[in-house]
Number of protein chains: 2
Amino acid sequence: MIQERACENGICKVRVVHTEKIKEARANSPSEKKIDYLSSIFKALGDPSRMKIVFALKDVEMCVCDLAAFLDITESAVSHQLRRLKDLGLVKYRRDGQIYYYTLKDDHVAELLKSALNHMSK
Amino acid sequence: MIQERACENGICKVRVVHTEKIKEARANSPSEKKIDYLSSIFKALGDPSRMKIVFALKDVEMCVCDLAAFLDITESAVSHQLRRLKDLGLVKYRRDGQIYYYTLKDDHVAELLKSALNHMSK
DNA sequence: TTTATATATGAACGTATGATCATATATTAA
DNA sequence: TTAATATATGATCATACGTTCATATATAAA
């Protein structure tokens with residue numbers, strides 16, 4: 001078992017047991033930026049309400065009050081969540097008079113959900 | 001534009017604009033149970049630290065202090081996060097003396113991450 | 001045994017989150 | 001115009017989260 005200690009009698013107390021594994025992980029992992037982006041996407045889908053919204057918009061274009069009725073939460077709550085999804089680029093809307101029709105912005109999210117469903121249901 | 005109101009002059013103020021769309025969404029969406037499960041998985045990956053952990057464990061078996069060094073956070077913090085991942089069934093460990101070697105529990109998560117990377121990088 | 005080590009676990013703390021209520025804005029109808 | 005409607009937005013609040021510190025547990029070494 002490899003055991004190393006940097007600056008043993010100083011302040012530094014970093015313990016590194018398997019240096020080469022850490023190196024390998026560093027080499028293979030996505031950049032910090034990519035990690036942050038990816039995890040923000042997963043976080044957005046990591047809430048039942050938002051996941052329901054995204055599933056609903058996968059096939060059908062819906063307005064805010066439709067979604068509110070479907071989710072059984074306030075229209076305000078839906079609007080807030082839609083804003084988060086829109087800010088992340090997962091959702092877009094078209095406007096017809098007073099009504100905002102929301103849909104998924106592109107297929108990436110739908111694909112992601114599909115593969116999630118596939119993998120998880122095994 | 002279809003506009004319906006149930007219990008107009010009562011307490012109920014549910015507004016339903018497109019009944020058929022809501023029906024369709026209901027028909028096509030996964031069950032509440034599945035939504036909860038799926039969103040909990042996404043939530044688990046919706047944090048940079050946990051996502052880094054999962055990416056690291058994708059290829060290499062690592063112990064807690066390796067991960068702590070890799071992530072540059074406390075071993076305690078890593079341990080807490082590993083527990084969450086383990087409770088969700090995303091991660092497992094084998095023990096060799098005092099050292100716990102963690103890996104991904106199965107390929108589902110790795111696959112999910114892979115498709116996420118693919119879809120998002122376009 | 002006693003001590004060191006690797007990890008787990010609980011408490012604490014600041015911060016983020018998701019919902020609701022109240023209010024603002026913008027379009028349509030009267 | 002004025003009133004109604006559809007949605008957006010800001011404030012608020014209880015709760016959940018992620019980290020660290022302190023401590024417990026269990027194995028290994030002396």
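Me: Which residues are linked with B:Glu61 in a network of salt bridges?
Reply: First, a heads-up: this is a predicted model, where local features need pLDDT of at least 70, side-chain atom pairs count only at pLDDT 80 or more, and totals for chains, interfaces and linings use all residues. Residues are numbered from 1 along each chain as its sequence is written, chains are lettered from A and ligands numbered from 1 in the order in which they are written, and side-chain values use heavy atoms, leaving out hydrogens and water. A salt bridge here is a side-chain nitrogen of Lys or Arg within 4 Å of a carboxyl oxygen of Asp or Glu. By that rule, B:Glu61 is linked in a network with A:Lys21 and B:Arg94.

Me: How far apart are the closest N and O atoms of A:Lys21 and B:Glu61?
Reply: These two form a salt bridge. The gap between their closest N and O atoms is 3.9 Å.

Me: How many salt bridges does the rule find across the interface of chain A and chain B?
Reply: Searching the whole structure, over all chains, turns up 8 salt bridges. Across the interface of chain A and chain B, the count is 4.

Me: Why does the salt bridge of A:Glu61 and B:Lys21 join two chains?
Reply: Their side chains meet at 3.9 Å, N to O. A:Glu61 sits in the loop between helix 3 and strand 3 of chain A, and B:Lys21 in helix 1 (residues 19-28) of chain B, so the pair joins two chains.

Me: What area is buried between chain A and chain B?
Reply: Contact means heavy atoms within 4.5 Å, and here it takes 54 residues from chain A and 54 residues from chain B. Buried area is the accessible area (1.4 Å probe) that two parts lose on being put together, summed over both. Carbon and sulfur atoms give 71% of that area, which comes to about 5100 Å².

Me: Which residues touch the most other members of the largest nonpolar core?
Reply: A nonpolar core is a set of buried Ala, Val, Leu, Ile, Met, Phe, Trp, Tyr and Cys residues joined through side-chain atoms within 4.5 Å. Beyond its neighbours within four places in sequence, A:Phe42 has contacts including A:Leu112, B:Leu45, B:Met51 and B:Phe42. Of the 66 residues in this core, the ones touching the most other members are A:Phe42 and B:Phe42.

Me: Which strands are the edge strands of the open sheet in chain A?
Reply: Two strands pair if DSSP finds at least two bridges between them. The sheet has 3 strands in the order 3-5-4, with antiparallel pairing. Pairing on one side only are strand 3 (62-63) and strand 4 (91-96).

Me: Which residue in strand 5 of chain A is the bridge partner of A:Met62?
Reply: Strand 3 and strand 5 (residues 99-104) of chain A pair over 2 bridges. Within strand 5, the partner of A:Met62 is A:Tyr102.

Technical notes:
Buried < 20%, exposed > 50% of the residue type's maximum accessible area, 1.4 Å probe, protein only. Helix = DSSP H or I, 4+ residues; strand = E, 2+ residues; numbered from the N terminus.
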